[in-house]
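Biologist: I am new to this structure and would like to learn how to read it. Could we go through it feature by feature?

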Amino acid sequence: MQGLTKMKKKQSYLWIILAIVMVLGVAGCSNNDVNATTDKPDEAAAQAALNENNESDRTADEEEDDEQVSDVADAEIVLAGTRNIAPGENDAYYCSSILMVWEPLIASDESGAPIPKLAASYSANEDYTIWTFQLKEGVSFHDGEPFNADAVIANFDRMKLGEKSSNFYTMNIDTTYPGLEKVEKLSDYEIQLVFASPLPTLDYAMTNFGSAMYSPKNFDAEGNFNGLPMGTGPFKLIENVLDSYTVIARNDDYYGDKAQIAQIRIKVIPDPDTRYSALKSGEVMGVLDLGAIQPVMAMSLVETGDFDISYTPSTITHYIIVNGNKFPFNDVRMRQAVSLLIDRELILDSFYAGLGYPTVNVLNQMTPFYEAFDIPHDVEKAKSLAKEVLGDERVSVALVLRSGELNRYPNKEEAELLQAQLKEIGVDAEITILDNAAWSAAVKEGEYDLSLKIKGLSSAEPVSLFSSMMKTDNSLNKSWSFGYSNTEVDKLIEDVSGELDMAKREAMYNRLQTIAVEELPVIPYFNDVTLVAFNKKIEGYEAVNYGVTLDKVHWAGQ
Amino acid sequence: MIELKHVTKIFKQGLGQTQIALDNVSFDIPQGTIMGIAGNSGCGKSTLARVMMGLIPPTSGSVLLDGKAVSSYSRKERSQSIQMIFQHPAQSFDPKMMFEHSLMEALKVSQRIDRDKFNAAIREMLSQVDLSETLLHRYPHEVSGGEAQRMAIARALLLKPKIMVMDEGTSMLDVSVQAKLFDVLTTAQKRTGMTMILISHDLEVISKTCQTLAVIYCGSVVEQGTTEQLLTRPKTAYVKKLVEEFAFFDI
Amino acid sequence: MHYDIQMADVTIEFALKSKRVSAVDQVNVTFKAGKITGVIGETGSGKSVLGMSILQLLPKQACISGTCFFGHKDLYALDAESMRKIRGQEIGLIVQNPNEALNPVRTIGRQLMEPLIKHFDVSRTEARKTVEAHLRCFGFEMPKKVMQQYTFQMSGGMNQRLIAIMGLICHPSWLIADEPTKGLDAILRRSIYDVFWEIRQHYTQSMIVITHDLFFAKKLCEQIVVMYQGEIVEIGEAKKVLTTPLHPYTKGLLMATPKAGMTPIPDHLNPSHESRCKFYSRCQFASAKCKVQFVELREIDPDTMVRCILYD
Amino acid sequence: MKMKRMEAMPFMILGAIVLITILAPLLAPFDPEMIDMQNRLSAPTAAHILGTDSLGRDTFSRVLYGGRQSILLAFAATLISMGIGTAVGFVAGYYGGKADLLITGISNVFLGIPGVSIMVAFAGVLGPGMNSLLIAVTVNSWVGFSRIVRGEVMQLKHANFIEGMKSVGASDGWIFIRHVLPNLSDSLIILFATKVGSVVLSVASLSYLGLGLQPPAPDWAIMISDARPYFREHPLLMAAPGAAIITFVWSVHAIGDYMRDKLDVNKGANDAL
Amino acid sequence: MIHYFLKRVISLLPVWIGITIFAFFLGLVSPGDPVYLSLTRDGITEPSEAMVNAKRAELGLDLPYHIQYVNWINRVIRGDFGKSIYDNEEIKAEMLRRMPVTLKLAFSAFVITVVAGLGIGAVMAATRDTILDRFLRQLCTLMVSIPGFCMAIILIAIFSECFHLLPTSGMEGVKSFIMPSLVLSMGTIGTSARLSRSNFIGEISKQYVLVASAKGMSKSFIGTWHIFKNAMIPIITFFGLYFAGILGGSAVIESIFALPGMGSYVIDAIYNRDYFIIQAFVLLTGTIYVLSNLLIDMLYFLINPRMKQGDSL
């Protein structure tokens, strides 16, 4: 009997300790095996990541080892991105081109025009149905595989396996290489693409994401990555923990000029304010990727003196999209009134610290076919135009914002400014913020009048933009309810893709741009810039139209 | 006249366990008499009181009030024939209401007297139970136990019931206060000729006030009869022991 | 060596939010060691407050003046630590409602062993043996089993005996019982009497029993103190006080018992205004003198005192 | 019921805030939505006491107007959930048995769903704005009321005065309105105060995520999230609305706590939570 | 004991089923079409009507709702949560990766709340109605009234930007969990401190405390062994429900401190109407709520002996 009390007491303590251990256990053990599953084949790297992640003091000595290996100058530079810059195997390209891990056959220069990269040179027959590419020699992938015609054919075979979705650009062989019949190997370093119908601007479509090249041994049966990406770029991707960080290291046997820093770690910090604090507190040396930092915050960093910014025109244009199926914006005069009303300079100076190029042209400037137009700003004319349409009454409209973009752009303030200005021409706008799904649904059913939206240029070849924005009953025109249709425009869009003579093509594009400026199916208001900010402790950190010059980055004074 | 016929009450306590509160209790109380029900705590006295009041339905058997089953009466009719005084005086009134308001409400609900005579009836009843009118503007927790219990009696008497049930009405009170209470009760009983049922564990109190007596043990009536007969010549062992207990403290 | 408890000019008031309520008013009394003294009075007479003040167990708002000597120590002046040593060890307490007196989530055994381990820091096994002995002495057949159980698993009677043991476990020289019979039915009342009889035989003779149950006091106690509205109105030998009471209030009390025909004490017999005697408004024998003359506790014979001008 | 000055403070502050919000149109020096791009982000000046925001709107007027939507929403939503919760709780507590089992089951289901995802889902379903928030908050908080009411009613049911009223002939409905409700009022007030406070906070975090109340009508939470890019140089832009929210929620919670302490004192332990 | 445990499990089963039904329909009811969203994810390509329908059929979203529910349930029981509609990531892997983050955050917040809540509550009860008590009470009320994100921004500005003591975000071991768990637990510390104060004070006025002091036990002994255990019973229920609640409620904190936890994951899923993720998440939190309910009952059973005797709760 006596033992009973003792045993009972012990039993109750046992239970409580057991419960606590169980909860701790769940947290602890699931943490271990989780990291292992992220990169199945690369067990060692994951284990290293796990240890480092668990014991914070361990990370300190981890860095010390790096230092012993290379002198202080080559210490790891830490940067911060806005989202997963390497989404992993399920993504068509594994990681963004910003990381310079993989390289395309054809890249693009400052103005967005195609330039040869892994394809040393290329040419097409006169009716543009056969394109031949001479490949760069002496180049090898990170896993040692040589870069040659067979590797290119393997990549094309992978593309033929079917469409693959991605956070950056959907890989679809039918849209990038329409009517591709054969991919032939002429010699070890020469291949030929044969098409059913003429494709005068194939090189434009193949820039960057259009012709990404990976090592042939990098894919499994269905064409997904079987491990870390093996490209030919100046950096090798050595470690990737989703939603935490990605680490790239210098590729020492790179054919071109090598990267100037041994290792870069890019952390994922989705919240703009936390990214700003991380930059200001010196935890990260720079920020990159779409919407890395808002101009206003960048300027406040520059004023502190130990930060600098770098920007370059980007392929993104900001539009005020309008519902052309509903009064009052089905009337072209109303659209012109709004375009005249808004003060593009004021918006850029107040909210974007002047970093942007006002425009009325639906086409983004990052294409050789871009035509500059002068930007009229005349409030009185806007009022008279609006009076013609509305007479004396006022109209109330729905101004809808997409919550996904509020973190990247000051859309809310722009909308509130627009709302105040619209009052002057008798339009009372009511602002609503919808999340991404609700926005697309509302915009599709036409339950809106105005909205602020950005649109990137898919490729330097403008025909895709014109057809999606202006062609009757076509993609964005329909799904964003522009309700715009113009027979001349439709005919022009049909002819231009078949037009082989470059001069004629340019004339047709100019005609399309002039019509767009007059009829304003959608009201563009400025071309955006790719803006990055960085700590003055590092140099060579310049923005390019898609990403940053990661290979030129190095600690100041090295 | 109130009659109980083979009343049994079984409470379900979940997981299939049952607890027998009342077991085949039957007796009848002629109008105008004062009957005592004695028994120790936990013998089912309060359940019996609530069954008689019709607050809880008996599992089997029936309670007849002037020949008609209590359950067939509507709440209002029941309130005009039978009233109850509880054990905890302060708890018998809504703590948020002054006594005046509680009394008025009782009259309004039972519609025994028409509206304009309310005040007069209340003043008159207060004098009967010997309470000063200043108490009308007090809250239940601001008065002594005795005063609250007398106010409860006033409320019950205002409804002119035929039968008054008291469930351990004085066990929480001091001796002198208890004496005052019974003094009020007996005068009211003589005046209205109503039946009174006193439920208590204190055999002495019952012996001094009731004519007939029933002793309950574990839910069943052990012995029943006139007070004098039970106290002097108890038949069953339990009642004998009970009487002995009380006599013990007399010497 | 048992000490008496002498209380001199004890006044206890409660400082409530708005007003100060006086519970005990200038009490002088001596509880003789080796005797069971019953303190009788109705609700609000201050008997419990007086009893509890001895062990300083009154709530914070209470402010006590006067002295309470236990032997040579003034209990009111003691600091917390030394007071703690006296509680349980020298003066035990038996509280009112037995079913709520024990901690529901701690076994009975542990609660009984606590004072032993604390005061005499005996080992646990030894403490367990003493507890078992006491349990057996109070009629528990299987003490070990009871020690595992909890208070809600015990009947009213058993709990009563447990709190008695709780008070006596350290063999205190004095014992205070606060309203042991309140709200109990006949069987339990009798069993509590047996418990006290048991205590008287084996533990201690010096007890203070606070109760409103006159007959229980008459049967158990040797000395009786009657209190009314914070004042002591009569002290005397138990049998005498409760058969031939001197003070009108005591008489009224006895007349109100069921045995004596439950005649109530009148409430407002004489119009009461500032009068020296607190019982003036309800007293049949009230006279003009009562209003004027200051009445204090006069000694009629060695162990009877009364506060009434009738006996001047 | 004389209250010491310190205890009366929360009542005064709450009264002041509600009064200011109602009289905002009279008190505000500027129209809160008037944009004035010339003096954007200006420091406090004579005209603009607390400076202006990124669109040049007067911060002081916006703070005065800022409370309207969230306070109205908080009081309305909590009142509705109190109504539903009390009714359901009463039925469960008073009648017990099957009704009680069913209701406890349902409220467990509601408790099982995390608060934030309900709110965000409803904001998605009905589109953001006042009505979807109203429903989302009600769905989320009625359970709290019903559990407390159920507990209290179960205790009250056995109190003698309820049985007394039954014996006097009062109907269940009468008992509920005249006796149960007044006795529940203490706990209900406490829970109401705490709920209003927590509703304002959860709506604020929703607005922070962009799904709460809609621009341009000024709202404290939106002002805080708008001020995030500028708050290091212009701290007032975030400090002013922040202080407003904190003061309002503090005063409401303080009232709730004052009531609970008063209740604790005279009724012993009371887990009004 | 087992008998009691089974009874609780049976009573919680319908609750769990109710939660699954609620979770399932919560997703379907909201407007917006996840398939269209996932196809236009890169913001450039425009899917044709046919492509959208094909993908919807492939995911089985065009079946009548109840059939979808049945398919979903028997898939879930086998532990397969399916793939996310938006970026067809395997949901189970994603959750396993994110769950420990939220669990760590929730657990550290839980520990802080329990320790601070009970600590402050006990101090307040012990020093009842003194200045310290009044100050702590005001502090608790203040802690409950500061919005989480305000506190987060202020803390980051102070500890990361000015003093460079703590990392602003990310997962660098223990340091990066200090600020988030503090912010997450702050509101509840206030509430739990007030609750424990009420309970402690309630217990102090109980009869057994008087008996214990009459036995000569010291104040601290009574506090720990008698009052604490009794006061703990209602507090356990509060903490149990709180723990289940944190999982859903930490979305804002996770997004500010860039912790890849469940909260931010589900908020994005709701933005993209990713039914499968919403359903999986609500199911998970529902299950954890049911489990924590059971855990509370077990703890309750151990601490409160009255239960062992088979009294109905």
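Modeller: Start with contact, which means heavy atoms within 4.5 Å. Eight pairs of chains are in contact, and among them chains A and E share the most contacts. This is a predicted model, in which local features need pLDDT of at least 70, side-chain atom pairs count only at pLDDT 80 or more, and totals for chains, interfaces and linings use all residues. Residues are numbered from 1 along each chain as its sequence is written, chains are lettered from A and ligands numbered from 1 in the order in which they are written, and side-chain values use heavy atoms, with hydrogens and water left out.

Biologist: How far apart are the nearest C-alpha atoms of chain A and chain B, which do not touch?

Modeller: They are 25 Å apart. Chain C and chain D also have no contact, and their closest C-alpha atoms lie 10 Å apart.

Biologist: How many helices and strands are there in chain E?

Modeller: Helices (H or I, at least four residues) and strands (E, at least two) are DSSP runs, numbered from the N terminus. Chain E has 14 helices and zero strands. Its C-alpha atoms fill a box of roughly 85 × 60 × 30 Å along the principal axes. Among contacts in chain E with a separation of 6 or more, 74% are between residues 24 or more positions apart.

Biologist: What share of the residues of chain E count as buried?

Modeller: Buried means under 20% relative accessible area, exposed over 50%, and partly exposed in between, using a 1.4 Å probe and protein chains only. Of the 313 residues of chain E, 61% count as buried.

Biologist: At what angle do helix α6 and helix α8 of chain E pack?

Modeller: Axes are lines fitted to C-alpha atoms, for helices over the stretch in contact, and angles run from 0 to 180 degrees between N-to-C directions. Helix α6 (residues 131–145) and helix α8 (residues 175–204) of chain E pack at about 140°, with axes 7 Å apart. Angles under 35 degrees count as roughly parallel, over 145 as roughly antiparallel, 65 to 115 as roughly perpendicular and the rest as oblique. α6(E) is therefore oblique to α8(E). Residues of α6(E) including R137(E) and C140(E) meet residues of α8(E), among them I189(E) and R194(E).

Biologist: How do α7(D) and α8(D) run relative to each other, roughly parallel or roughly antiparallel?

Modeller: The axes of helix α7 (residues 160–168) and helix α8 (residues 172–209) of chain D come within 10 Å and cross at roughly 155°. α7(D) and α8(D) are therefore roughly antiparallel to each other. In this contact, F161(D), I162(D), M165(D) and K166(D) are the residues of α7(D).

Biologist: Where does K536(A) lie?

Modeller: K536(A) is in the loop between β19 (523–535) and β20 (538–539) of chain A. With a relative accessible area of 42%, K536(A) is partly exposed. Not counting residues up to four places away in sequence, K536(A) touches G305(A), D306(A), F307(A), D308(A) and A556(A).
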